[in-house]
Amino acid sequence: MTHANTTAAPRRYLRTMLRATGTALVKAFNTNKTSWVGLLVFLAVCALALLAPVIAPHDPIDQDVFQRLYGPSAEHWLGTDVFGRDILSRILYGARISLVIGLVSIGLAMLIGTVIGLVAGYYGGRLDIVMMQTMDVLLAFPSLILGLIVVAMLGPSIPNLIFAIALTAIPPFARIARAPTIAIKDREFMEAGRALGYSDRRLMFRHLLPNILPEVLVMGSIWIATAIRVEASLAFIGLGVSPPTATWGGMIREGFENILDSTWLVLFPSLAILIVVFALNLLGDGLRDAIDPRLKGEQ
Amino acid sequence: MTQPVLSVRGLTTSFRVDGAWQSVVRDLSFDIAPRETIAIVGESGSGKSVTALSIMRLIAEATGRIEGEIRLGDLDILAASEDQMRDIRGRDIGMIFQEPMTSLNPVLTVGAQVSEVLRRHRGFDADAARAETLRLFDLVRIPDGARRFSEFPHTFSGGMRQRVMIAMALACRPRLLLADEPTTALDVTIQAQILELIRDLQTEIGMSVMFITHDMGVVAEVADRVVVMLRGDKVEDGPASKIFASPQHPYSFKLLGSVPQLGTLGGSDMPRRFPAFEEDESDPRASGKFAAEAADEPDKRGADLLQVENLCTQFTMRGGVFARPTGRVHAVENVSFTLRAGETLSLVGESGCGKSTTGRSLLRLVEPSSGSILFEDQDLMTTSRAQLRAARRRMQMIFQDPFGSLNPRQTVGAAIREPIVVHGLATDAAADARVDALLDQVGLKPEHATRFPHEFSGGQRQRLCIARVLALEPKMIIADESVSALDVSIKAQVINLMLDLQRDLGLAFLFISHDIAVVERVSHRIAVMLLGEIVEIGPRRAIIGDARHPYTRKLIEAVPIPDPDRPSRHIGRVTDELKSPVRPLDWTPAQAPMVQVGPDHFVRES
């Protein structure tokens, strides 16, 4: 993240600051308890994805023509697909793709969008107009359509998917960073900083950024859910990571042909998406509710 | 004795904080007789405003609890139903607030807002309400009421808005008016007008007034009786003249003694510290005493440090479809002055006179339009960015709101340390020691360094801001209303700190303030600003004692004097307001020349 250049401050100040941010976060979580649930579920999913090679009962791309379209059983907990592949294993491995694409693309969008919003809001004027109108043009495309265009042009691969989804998520971050920047840049501590001879860069990234970071992070957790959904949708229409790699959207697409007699093919990957998206929304919404009044109370 | 209008017995108001009830007002009792004005005084956090809100029962029931007894005539307010309370508010008890800027709804005309009260409480129809509103506007001396009826609040100045608020509060001829710091946000000359207005209306309508304020000068002007509060407890009450003449409780004594009084150092040319109050810091209830009046500060003035010549700062106002310039605000117009090392020059004037813009223009925090700023023989108007940043190190600024000027997410140690590191004044290790030394210098402890700004009181925060500024070893500090937001006793301490620093470090101060009583204490010289121009400049003693410009005289006369036995002044029914410095595009300033009327004392011909 961009606040990495705080290393110049001595340890004791940095530590108190981190501790204070930590307590503030815990307090925010406690204000809306459902965000704890969201966080725990999301962390559990991350752990499962990380441990997929260890805990998956089968190889996710290993085909077995003698075990096609088996329902859930002791051998295959969630059944097998049309090629006889174990669905549980594919879901576990699919989680890795979804999470990597969701986290990296939104991380990227958060970084770029926040910097754009910060710079546009801080300097204002013509720069602001040009930057934000570019953002508005991007925003005019629904994320799925924009992602579709980019992936169709570049071809379906993980880096291209990340690029496409990041591109669609930059404008909202630019907006959410710009609004508080404009409100905060004329506060007295910013003017005091200018009077103390601080550079614009220092004022933006060391004084302004920490003040808007909570809002940006909350927004991030909600957008990861969107990114996972968009990735699944793209995979569903055939623009995801190429088979035979396991992806949730791809599994739903493959299972769709047999949805009437083998419901589990579609049901379980759909549930996986539902659980992750729901957990992230719980997390983000809870934090958003908690963070707003806390910011007001501080001033 | 006649039956009191309002009788408060054993009032205790508590708020729920983190699950536990904390009382903010404890066991408060007082009566208000008909036609009487009672003043509730105390510093911030003493529970004065909560008392008013309790009487109106405007405390949210989920988080607040009111106990005791409040009787309005025969009615028990705490037992009344919510419907009854809605009738009482506005009809029997009127209320005016501190902030006239935000207490009016910006999207409704002022006339509509006053009429609404009449229609709600007195059942007037639209025409009758309009007629009565115009009569009220006349009563509160809003000139040209018929035209202003259909104007929106933003076209009204602060003083005029407060008049509208008073008109609303008086619309139903209430028996009791609760005035919560009604003049605190206003300029002194406007404050004098509003105070006189409230006094006159009280005799005309025959209501009682409960006046909440922290300003002892205002108390002396308006109050018959005074209730002194400290952290939620009443410490003393009695007739105003008695409290002022011989305060019984040590806290009242301290509060009164800390009030800066205009004209107390008439015969001296130098600034002087406030007499320190010697007490046990931990217990403000314990008795203490004021040290003897301090000696004048030694004269350590040196060579000219800052020379400002013909400084102009203008803002262009834009309007219309293509944002064409439509007018210009001449915030600073042709301002010239010099400041010597170790000297304090005060800029005084009312809001909008351009004193703050002058200070900001010197540092080029706002860009001046023309003129020259010579600081240590370097012209700041023509220097490069890098040179400007270096110059800003030698010329520092402290602001009005110490909390606002500290980053809420930075520990105070880091905040003080940052300028040292940015300007490369010390190595990492030495910087920590420097932070400790600076905290010590402003009367704080090194262990405060790891705390956050919200953990400090207002006075301590201003000390922190001063420490941060001192980190850069400046030659000159611009103090923009730096003590205006502080309680009186804290104000005196911070001023004394500034004077100590001036003596020890030879600092020059440009002290920007509207509070002339404080200005008198700290300044060597005073410049009076009106509509962007300096109208009078000279030695402090000459300006306070022998003001020549009519505006300076008006300003000095308007300062409330904390002495209730002084016959109340009558400035007449003045409603004049400052003109605005907004001018058409082709306006050229026609400035009268400055004339010398005494040694170093200049006044603009009028």
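This is a predicted model: local features need pLDDT of at least 70, side-chain atom pairs count only at pLDDT 80 or more; totals for chains, interfaces and linings use all residues.

A: The part to look at is the pair α13 and α14 of chain B. Helix α13(B) covers residues 412-422, and helix α14(B) covers residues 428-441. Their axes come within 9 Å. They cross at roughly 120°. Angles from 65 to 115 degrees count as roughly perpendicular. The angle here is therefore classed as oblique. The crossing of α13(B) and α14(B) is right-handed.

Now find the residues that touch. From α13(B) come B:G413, B:I416, B:R417, B:I420 and B:V421. From α14(B) come B:A431, B:R434, B:V435 and B:L438. Sort the residues of this contact by class. Six are nonpolar, one is polar and two are charged.

Step back to chain B as a whole. Its secondary structure comes to 19 helices and 25 strands. Its C-alpha atoms fill a box of roughly 75 × 60 × 50 Å along the principal axes. For 606 residues, a compact globule would have a radius of gyration near 25 Å. Chain B has 26 Å, so the two agree. Buried residues make up 47% of the chain. Now take contacts in chain B between residues at least 6 apart in sequence. Of these, 69% join residues at least 24 apart.

B:R364 is found in the loop between α11 (355-362) and β16 (370-375). Is B:R364 buried, exposed or partly exposed? Count the other C-beta atoms within 10 Å: there are 18. A residue needs 20 or more to be buried, and 12 or fewer to be exposed. B:R364 is therefore partly exposed. Leave aside its neighbours within four places in sequence, and B:R364 is in contact with B:L380 and B:L388. B:R364 and B:M381 are 17 residues apart in sequence. Their C-alpha atoms are 8.2 Å apart in space.

Helix α10(B) spans residues 250-258, and helix α16(B) spans residues 488-505. Their axes come within 8 Å and cross at roughly 50°. That angle makes α10(B) oblique to α16(B). The crossing of α10(B) and α16(B) is left-handed. B:K254, B:L255 and B:S258 of α10(B) make the contact with B:V488, B:S489 and B:A492 of α16(B). By class, this contact has three nonpolar, two polar and one charged residues.

Finish in chain A. Helix α2(A), residues 34-50, packs against helix α4(A), residues 87-123, at about 115°. Their axes are 8 Å apart. The two helices are therefore roughly perpendicular. Helix α2(A) passes α4(A) in a left-handed crossing. A:V45, A:C46, A:L48 and A:A49 in α2(A) meet A:L92, A:A95, A:R96 and A:L99 in α4(A). This contact has seven nonpolar, no polar and one charged residues.

Technical notes:
Residues are numbered from 1 along each chain as its sequence is written. Chains are lettered from A and ligands numbered from 1 in the order in which they are written. Axes are lines fitted to C-alpha atoms, for helices over the stretch in contact, and angles run from 0 to 180 degrees between N-to-C directions. Helices (H or I, at least four residues) and strands (E, at least two) are DSSP runs, numbered from the N terminus. Angles under 35 degrees count as roughly parallel, over 145 as roughly antiparallel, 65 to 115 as roughly perpendicular and the rest as oblique. A crossing is left-handed if the near helix is turned anticlockwise from the far one by less than a right angle, and right-handed if clockwise. Two residues are in contact if their C-beta atoms, placed from the backbone, lie within 7 Å. Ala, Val, Leu, Ile, Met, Phe, Trp, Tyr, Cys and Pro count as nonpolar, Asp, Glu, Lys and Arg as charged, and the others, Gly among them, as polar. The radius of gyration is taken over C-alpha atoms; the globule rule is 2.2 Å times the number of residues to the power 0.38.
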